[in-house]
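I opened the notebook to look up a few things in this structure. The entries follow in the order I made them.

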Amino acid sequence: MFMIRILFLLEFMMAWLSASTLCCTFDEAAKDTAFFQGRLYVLTTKHVYEIAPDHHIRQRFGSFKDAQALAVGKDGIFVTDPKQYKVFVFGQDGNLRTSWGGRGNGNEQFRRPMGIGIDSEGLVYVADQYAKLVKVFDANGRFIMKFKAGRVKLQDLTIDENFVYVSDVLSNIMVYDKDDGMLRRTIGPKNGKYATAQALRADKHGGLFVGYRNDCLLHLDKSDNVLERWGKACGGKIAFSGISGIGYTPTTLFVADWHKHGVVAIALKQNKNGGQKTTRTQLPVAVAGRFMWQKPASNIKADHGLLWQDSPVNKKLGFSYRQAQRYCRDLKENFFGYKPSFRLPSLEALQQIKDHRKLFDFVVEGGHYWSNTKGGFGHWGYKVAEGQLLPSKDSYTSAAGLYVRCVAPVPIDMDKGASLSELVDRFAEVLGTAAKTSSAKIPSPHYIKPKKLYKDEFETTQMFQKRLEKERARVQKYNEKLKKSYEAAVQSASAGGQKLDPDVIRDKALQAAFYLRFGAPEFSSIRYDADKGVFHITVSSQKGNFASTQTVAVPLKYAKRYKEILAAASPAVAMRAADGVLRLESVRQLEHPVFLVEKNIFLHLKTIEDYTSFLKEYPDSPFSAEARMRLAELENDRKTIFQTLIGSENIQGMRDFIQTYPNSEYSKRIQKRIDTLMRAKTERRRKELLAAQEAERKAYAARKTRGDLVCRNVGVSFGLIHIEVKGYVEDVAGDKIQIRIVQTYGAQPRIDGVTLYQNTIIWDRYNLWKLCE
């Protein structure tokens, strides 16, 4: 089955082999597109279409008022419709499974749902445009959490393994942490103009595809640098006419075009320099010990002898030159135990980050940056324009705002000829000096004395004494506060000195030196040999020069899930220096692969069917006991809900129960209860209708005499307004009755060609008039 799916996927990809193709058109405007498990889905304003590789429509489903965004995952096909204030969920068969939302400010309501995305755990993220919130739900619409996003109206949303990307109408793209909703950085306009980022889609490498309202389509890498451009608005060759949505596979990009009513397929360029790096399992060193190879636990990046600080606040505009100086001076970051002294970068340093964009995510095309080097126009700002750094000729006063990047020198000499052990020694010396400095004697506090007071001529002795006591109390309170602060500082310095003992210094020096020389670790190659049941996994350094290939035995049924886990993880590597060489000792993610996979699967279990299937497939798992307990809780909850519903008349609740538990033994009984209630409801309506008809018949057949007020319905105007006539009985003759008209409702009525006005007298059939209520 797996091979069939792969072959189908290859067949599908071959259909989009040309550089760009308008693959299909529709009667309505195309709004979004998504590719999932070999299937291409296209959302228009009214429907969802599934498209076959030969471009014909496999199926069409859904009926919307103004659909905006589409997301497809293992739990179904999710669509936002702002005019209905709802999210609709369909199965792959096109049947509607559920919907949720409604107009309002509640957690499960929307003011205008726009962008939508699904993460690897099946959670659904929705951008509420007017509320400026991102709301998170499970696949059944149960509210999980929400977080504030941006200051203006939101537009689109996409998700990768770690972040939620949200665009607003001012062409900003905010990047939020998926776990806590905290803003991590902001991506400014990349296409030279402030056009709204209309469509977003994350790629599998941490990059981002962005479609702007001015029909510029960009591919950004994980450092926010532009990798490729499409669209004539930004120098590309493809003429779009309204980018509204993006679908992604590693080989093909699908772009929904609003005005063309179709989807443009673009073949993506493949990395010709890809493949496994050269394997080196050890490096010669003259140090000994074990340490963890990892990224620094701060917002610091290192390259070319400089430490650069980068955090979300750096992406915001609004720093004046003095504010930027103060910001850098007051920074308190920690780089493996060392606390750098930051400053504004020189022109030479700014040139460095421009020339090495792959290592940095600082550079914004068209952005202005503060520097400590005065430019040719007498200002301290520089502009990145068309790959060059130019002195900014704009008039920047103390109130103007530019980007700020803070820099500090690496505290050791990073000459290329230095060995790793020499770098370790140098960094250890720096940390040892810092430890001694932090443990140095803290100056004693400067206590104050009471002011010298004098008795006033119009002040009694008792009043003067009170003033003296008040002054003494003030001084005593201030001095006590000063003393507590001093004692706390002494205690903190003492504790810091104890932490930086020689062993700790050596360990931190090893970590820092290795990171400075080689960069962070990454899984550069993950290959599985199904015949032997083993993975060949290469852990390499970000800057090259070090790589180690590990062989890990993993049963076939765990292999695919295990590879997905590794692809999304950052290696936690233990290094060992001994006997003059440095070896990779272990990688945390490679130690217990079966346990890791079962844990990952267990954490994603949600329904009774999920837990039942898990226990059937992994009966001896260490998570089986907890799974059985959770399954018992879910079954008890299901039974409680059933007992509540079976005795009620809540038909909608019963239908929701059947949808949630379609294969449950309780669902058949619930369905019988629904059928019984619907029959009873139909019978009640039938009886009510018969009673109403009988009452109507009696009203027309009732005896009418002279002077009675009678009514007649003479038709419908414009298909909406009922025309009713009232009058008094003047005379009765057999089956005829004479009426004097007194009132009409709706348009001017006519009976037998006679237009009826007030006091008009007509003869009509007796049984067409009834006594008015």
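I took axes as lines fitted to C-alpha atoms, for helices over the stretch in contact, with angles from 0 to 180 degrees between N-to-C directions. Helices (H or I, at least four residues) and strands (E, at least two) are DSSP runs, numbered from the N terminus. The model is predicted: local features need pLDDT of at least 70, side-chain atom pairs count only at pLDDT 80 or more, and totals for chains, interfaces and linings use all residues. Residues are numbered from 1 along each chain as its sequence is written, and side-chain values use heavy atoms, without hydrogens and water.

Entry one, a helix pair. I looked up H12 (residues 651–660) and H13 (residues 665–701), whose axes come within 10 Å and cross at roughly 150°. H12 is therefore roughly antiparallel to H13 (angles over 145 degrees count as such). Among the residues that meet are Phe-657 in H12 and Leu-677 in H13 (contact means heavy atoms within 4.5 Å).

Entry two, a buried strand residue. Phe-78 sits in strand E7 (residues 76–81). I found Phe-78 buried, at a relative accessible area of 1% (buried means under 20%, with a 1.4 Å probe and protein chains only). Beyond four places in sequence, the contacts of Phe-78 include Leu-70, Phe-88, Trp-100 and Ile-118. From Phe-78 to Gly-91 I noted 13 residues in sequence and 9.1 Å in space, C-alpha to C-alpha.

Leaving out residues up to four places away in sequence, I listed what Phe-427 touches, including Phe-335, Pro-411 and Lys-508.

Definitions and conventions: Angles under 35 degrees count as roughly parallel, over 145 as roughly antiparallel, 65 to 115 as roughly perpendicular and the rest as oblique. Buried means under 20% relative accessible area, exposed over 50%, partly exposed in between (1.4 Å probe, protein chains only).
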